[in-house]
Amino acid sequence: MGTAPEPKEPTEPQEPIPLVLAGARGHGRRHLDNIRRLTAEGKVRLAGVCELAPLTREELGDGLGEPEQSADLAALVTRTGARIAVICTPIHTHADLALAAAERGAHLLLEKPPTPSYAEFTRLSEGLRGYGTACQIGFQSLGSHALPAIRKLMADGRIGAIRGIGAAGAWARDEDYYTRAPWAGHRTLDGRDVVDGVLTNPLAHAVATALHLADADRAEDVAGIELELYRVNAIEADDTSCVRIRTAHGTTVAAAVTLCAEQPGEPYVVVHGDRGRITFWYKLDRVRIERDGAPPETTGHPRTDLLDNLVAHLRDGTELLVPPDRTGAFMRVVEAVRTAPAPVPLPADAWRTESGAGGTARAAERRVVTGIDRLVTAGAERLALYSELRAPWAAPPTEVPHP
């Protein structure tokens, strides 16, 4: 007879990790809901909320107790003993708030883009290393299990030699999108960099995901950048743009994006091989592989939540999915946008104004670039810039030398 196994020691339940949320309105509501989910699972406890005006009972909702509220993040972290700070505040406040929380012992989930300039990114990264702070950058698409699956398909030669990677994003934003906050649509505000353009904020995931699939997400992986920035809205920043990145190992990554689409659709990244292609709709975690001589295959994939991953990292050392150094290449793109000439305004005959579903509400009006959906698709397909696609309004690209 075999020997009976030794009884296992019971596992001690782990206490929920106290956290604070800085920026709980707007996009921050998504973080609030996610924290509510993780609270119900016993993983975290909302100890504090940092907002200029306290959340009402209705805004806070159920399941989160009575967190302390304050407009002073540093003091809030100190008083609550928070081990995590989730920061979802205006772009130009990221570095200062992140470092203030880290100095007081909090690890970070920091919304993208991490900072509005490469100098600020360097300051942030060096500061976090000095404090020994774990930091996750909020590119949620990089938690998709589709990414390692696609990388394996590429490595196994399922679509042949890789010719390049394109990204396409055709979204629509009405004019109220740019008046929702004082910093929205700005390149600078009160002398500080903001860089709230389509490539760097709303469709930043397209750029970051394409760089990840190219295995070129660190700063040193970027060998050159070509950039075209345009706008039709009454803003400083770009709302219709394209970028082409040459990586250090020779892969071409191109992204064509707009917030002025005719028919808005799901953004995607496409990997071009000489014997097929792989398309990844990153918000849907859906992948389609098309190979010569074979029917298309479509698969769905789960996703690891980035806050959940940060909690696991603090509890058992699970590797972070999006540490700052894995966003260095994206930050090279942010820096290129920041230092480029101001976006070129498109001529009046290149765009039109449309109303939303109501048809009469002024708030629903939006500006639409004629033919932009086709250009976005062609840019991702051909790894081309708008000027190369002969857009009638396109200007020569800005070339950014090797950093």
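## Salt bridges, sheet and confidence

Let's start with a pair of charged side chains: Arg 218 and Asp 325 form a salt bridge with an N to O distance of 2.4 Å. Arg 218 sits in the loop between helix H7 (204-213) and strand S10 (222-231), and Asp 325 in the loop between helix H8 (306-316) and helix H9 (328-339), so this pair ties together parts that are 107 residues apart in sequence. A salt bridge here means a side-chain nitrogen of Lys or Arg within 4 Å of a carboxyl oxygen of Asp or Glu. Helices (H or I, at least four residues) and strands (E, at least two) are DSSP runs, numbered from the N terminus.

Keep in mind that you're looking at a predicted model, where local features need pLDDT of at least 70 and side-chain atom pairs count only at pLDDT 80 or more, while totals for chains, interfaces and linings use all residues. Residues are numbered from 1 along each chain as its sequence is written, and side-chain values use heavy atoms, with hydrogens and water left out.

How many salt bridges turn up in a search of the whole structure? The count is 31. One of them joins Arg 25 to Glu 51, with N and O 3.6 Å apart. Arg 25 is in the loop between strand S1 (17-22) and helix H1 (28-40), whereas Glu 51 is in the loop between strand S2 (44-50) and helix H2 (57-60), so the two parts they tie together are 26 residues apart in sequence.

Arg 352 and Glu 262 also make a salt bridge, and their closest N and O atoms are 3.6 Å apart. This pair links distant parts of the chain, 90 residues apart: Arg 352 belongs to strand S18 (residues 351-354), and Glu 262 to the loop between strand S12 (252-258) and strand S13 (268-273). Then there's a salt-bridge network that links Arg 37, Glu 41, Lys 43, Asp 305 and Asp 308.

| Residue | Relative accessible area | Class |
|---|---|---|
| Arg 218 | 28% | partly exposed |
| Asp 325 | 40% | partly exposed |
| Arg 25 | 29% | partly exposed |
| Glu 51 | 16% | buried |
| Arg 352 | 31% | partly exposed |
| Glu 262 | 21% | partly exposed |

### The sheet

Now for the strands. Six of them make an open sheet in the order S3-S2-S1-S4-S5-S6, with parallel pairing. Strand S3 (68-70) and strand S6 (135-137) are the edge strands, each pairing on one side only. From one strand to the next, the twist averages 20°. For that angle, axes are lines fitted to C-alpha atoms (for helices, over the stretch in contact), and angles run from 0 to 180 degrees between N-to-C directions. As for pairing, two strands count as a pair if DSSP finds at least two bridges between them.

S1 and S2 run parallel and are joined by six bridges. Is S2 mostly covered or mostly open? It's mostly covered, with six of its seven residues buried.

Cys 88 is in no disulfide, as the nearest cysteine sulfur, that of Cys 50, is 12 Å away. Cys 88 is buried, at 12% relative accessible area. Cys 260 is in no disulfide either, and its nearest cysteine sulfur, in Cys 242, is 14 Å away. Cys 260 is buried too, at 0% relative accessibility.

### A buried methionine

Met 154 is part of helix H6 (residues 146-155). Met 154 is buried, with 15% relative accessible area. Leaving out residues up to four places away in sequence, Met 154 touches Ile 162, Ile 165, Leu 213, Val 271 and Ile 278. A contact means heavy atoms within 4.5 Å.

pLDDT is the predictor's confidence in each residue, from 0 to 100. The protein chain averages 94, and 94% of the residues score at least 70. Residues 1-5 are below 50, and this stretch has zero contacts in the model beyond near neighbours in sequence. Over residues 357-361 the pLDDT stays under 50 as well, with zero contacts beyond four places in sequence. Where pLDDT is low, the predicted coordinates should not be read in detail.

Notes:
Buried means under 20% relative accessible area, exposed over 50%, partly exposed in between (1.4 Å probe, protein chains only). A disulfide is a pair of cysteine sulfur atoms within 2.5 Å.
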